[in-house]
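Visitor: I am new to this structure. Please show me how to read its features, one by one.

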Amino acid sequence: MIYVVIQFGCIIYLIINSQISGLSLMPLLLLSLSLIIGLLALINMRLDNLNIAPALKKQHKLTTHGIYRFIRHPMYTSVLLLSSGFMLSNAHPISQLVMLILIIDLILKSNLEEKLLNKRFKQYKNYKKNTGRFLPFL
């Protein structure tokens with residue numbers, strides 16, 4: 001759960017310290033892209049399969065369609081884009097450090113999730129080879 005606490009702490013900090021009024025084009029694009037990717041991930045994953053903690057539910061199903069065909073962790077991609085948009089609206093050194101902490105946290109959290117998915121689903125290793133973690137083809 002520590003990953004979740006750090007994740008939400010970073011996001012809340014970046015939102016509180018952002019300067020929403022007068023956003024430039026890049027933060028607006030990142031926030032918009034974040035919304036699109038997040039919604040696609042929710043639609044493809046379905047709420048009954050969603051878990052904010054890095055743990056699998058008993059009835060967890062491996063989702064490999066829709067946006068998950070290209071990105072293994074599109075919800076994290078959405079969080080990173082959203083947080084980047086907020087950070088760019090007020091890119092002082094502390095916000096940049098918080099953004100770095102969030103990136104590291106999501107990498108560690110996704111590593112844990114991937115270990116669990118590898119144990120539960122035999123096809124995960126092949127799926128992992130053909131998709132990017134947070135960005136398609138990377």
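Guide: Helix 3 (residues 74–89) and helix 4 (residues 93–120) pack at an angle of about 175°, their axes lying 10 Å apart. Helices are DSSP runs of H or I, at least four residues long, numbered from the N terminus. Axes are lines fitted to C-alpha atoms over the stretch in contact, and angles run from 0 to 180 degrees between N-to-C directions.

Visitor: How is helix 3 oriented relative to helix 4?

Guide: Angles over 145 degrees count as roughly antiparallel, so helix 3 is roughly antiparallel to helix 4. This is a predicted model: local features need pLDDT of at least 70, side-chain atom pairs count only at pLDDT 80 or more, and totals for chains, interfaces and linings use all residues. Residues are numbered from 1 along each chain as its sequence is written, and side-chain values use heavy atoms, without hydrogens and water.

Visitor: Which residues in helix 3 and helix 4 meet?

Guide: Contact means heavy atoms within 4.5 Å. Among the residues that meet are Y76, V79 and L80 in helix 3, and M99, L102 and I103 in helix 4.

Visitor: How many salt bridges does the structure hold?

Guide: Side chains of opposite charge can pair when their charged atoms come close. The cut-off for a salt bridge is a side-chain nitrogen of Lys or Arg within 4 Å of a carboxyl oxygen of Asp or Glu. The structure holds 2. One of them joins E114 and R72, with the closest N and O atoms 2.6 Å apart. The pair links distant parts of the chain, 42 residues apart: E114 is in helix 4, and R72 is in the loop between helix 2 (25–45) and helix 3.

Notes: Helices (H or I, at least four residues) and strands (E, at least two) are DSSP runs, numbered from the N terminus. Angles under 35 degrees count as roughly parallel, over 145 as roughly antiparallel, 65 to 115 as roughly perpendicular and the rest as oblique.
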